[in-house]
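These are my notebook entries on one protein model, written as I looked things up. I wanted to know what could be read from it step by step.

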Amino acid sequence: MNVQRRDFLLLVTLATAAATPALGQTAAPAVTPTDTSTPGGASIPDFSGSWNHASLNALELPLSGPGPVRNRSRQSTGPQAGAGNGRQLVGDYTNPILQPWAAEVVKKFGEISLAGKGYPTPRNQCWPEQVPFVFINYGMQVLQRPDKITILYPFDHQFRQVRMNQSHPAQVTPSWYGDSVGHYEGDELVIDTVGVKIGPFSMIDWYGTPFTEALHLVERYRLLDYEATMKAIERDAKEHVQNANPDNGSPADPNYKGKGLQIQVTVEDEGAFTMPWSANVTLRRAIDERLELVCAENPQWFPGQNSAVPRADKPDF
């Protein structure tokens, strides 16, 4: 691991350890903003703390308008019959958001899955899970400050940093998570991201939906009351299989009846899509529990085949 990255993660762990509640207790926000008002004087919404997402495929369908690629393969039996089959990832290449070349990419990945084989993704190859693919994590932790917001994802020590109240540079250098700038609009946090780097396994979702360097993302974070949160999760259960106690992320706090968190992400990419489209991600408050989940320590995702773990050009020491 790169020395600077290791030191950063150590500092984050030490900074938040004192605030970690015992297992089963209601999670307190990990960081409380020191400035509680926006430049216009409105109160800043508090998104800090740990959040749980119950589905491994996190892109929920929007209430209306064009949405993400869905799984053509559906579960035929069980309590969630009709939901997407997580063991067979066959993206709907007929979705009108896809340009012809992108539809062909999705179709080819689906054919591989229908043949009973796996195909490389950022997760099973131990590569960065770029936005919005990174939403497949079973949750996240938000560290909220007036000048910067840091989002930690449980799998493979991934994190994003959002510079507040700033603009993108005139020339953006592509990076794995892109250049993200944020601001508050009333009770919403708005994050604008450009410059997401394209790697050998980059994709929008589990189905291999591609993107280009023209990718532009706008995420809107807002708090929902408990009833609205559960209603959104129940609606998503018709599309994605839910896991009440995932083993690779903080579980939802069963005793917490306060507000949930919903992210609406709008995706634009004139190189891959025919139109802008949107998706939601709905999360519940999680028990503040951090797990050690390192992809590179278990690289054999397929029998006899190692993942293409990224390697440095030179050693750290």
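This is a predicted model: local features need pLDDT of at least 70, side-chain atom pairs count only at pLDDT 80 or more; totals for chains, interfaces and linings use all residues.

**Entry 1: the loop between α2 and β2.** I began with Pro 132, which is found in the loop between α2 and β2 (140-144), where helices are DSSP runs of H or I with at least four residues and strands are runs of E with at least two, numbered from the N terminus. The peptide bond from Val 131 to Pro 132 is cis, with omega near 5°. The loop between α2 and β2 also holds Cys 126, and I noted for Cys 126 a positive phi of about 65° although it is not a glycine. Cys 126 is buried, with a relative accessible area of 6%; buried means under 20% relative accessible area, exposed over 50%, and partly exposed in between, with a 1.4 Å probe and protein chains only.

Residues are numbered from 1 along each chain as its sequence is written, and side-chain values use heavy atoms, with hydrogens and water left out.

**Entry 2: the whole chain.** I then stepped back to the secondary structure, which comes to 3 helices and 9 strands, and read along the sequence I found the pattern α-β-α-β-β-β-β-β-β-α-β-β. Of the 317 residues in the protein, buried residues make up 50%.

**Entry 3: helix α2.** How far apart are the end C-alpha atoms of helix α2? They are 21 Å apart, which agrees with the 21 Å that the 15 residues of α2 (residues 100-114) should span at 1.5 Å a residue, the expected span being 1.5 Å times one less than the number of residues. In α2 I listed Ala 102, Ala 103, Val 106, Phe 109, Gly 110 and Ser 113 as buried. Seen down the axis of α2, these buried residues fall within an arc of 125°, so they line one face of the helix; the arc is that of the directions from the helix axis to the C-beta atoms.

Glu 104 also lies in helix α2, and Glu 104 is partly exposed, with a relative accessible area of 38%. The C-alpha atoms of Glu 104 and Thr 94, which are 10 residues apart along the chain, are separated by 9.5 Å. Just after α2, Gly 116 takes a positive phi of about 80°.

**Entry 4: helix α3.** In helix α3 (residues 226-236) I found Thr 229, Met 230, Ala 232, Ile 233 and Asp 236 to be buried. These residues cover an arc of only 160° around the axis, which puts them on the same side of α3. On the other side of α3, Glu 227, Lys 231 and Glu 234 are exposed.

**Entry 5: salt bridges.** How many salt bridges are there? I took a salt bridge to be a side-chain nitrogen of Lys or Arg within 4 Å of a carboxyl oxygen of Asp or Glu, and by this rule the count comes to 9.

One of them joins the side chains of Glu 129 and Arg 123 at 2.7 Å, N to O. Glu 129 counts as buried at 0% relative accessibility, and Arg 123 counts as buried at 4%.

Another salt bridge joins the side chains of Asp 179 and Arg 163 at 2.6 Å, N to O. This pair links distant parts of the chain, with Asp 179 in strand β5 (residues 179-185) and Arg 163 in strand β4 (residues 158-164), 16 residues apart. Asp 179 is buried, with a relative accessible area of 14%, whereas Arg 163 is partly exposed at 25%.

The side chains of Glu 185 and Arg 220 also meet in a salt bridge, at 3.0 Å, N to O. Glu 185 lies in strand β5 and Arg 220 in strand β7 (residues 216-224), so the pair ties together parts that are 35 residues apart in sequence.

**Entry 6: a last loop.** Finally I looked at Asn 165, which lies in the loop between β4 and β5, and Asn 165 has a positive phi of about 55° although it is not a glycine.
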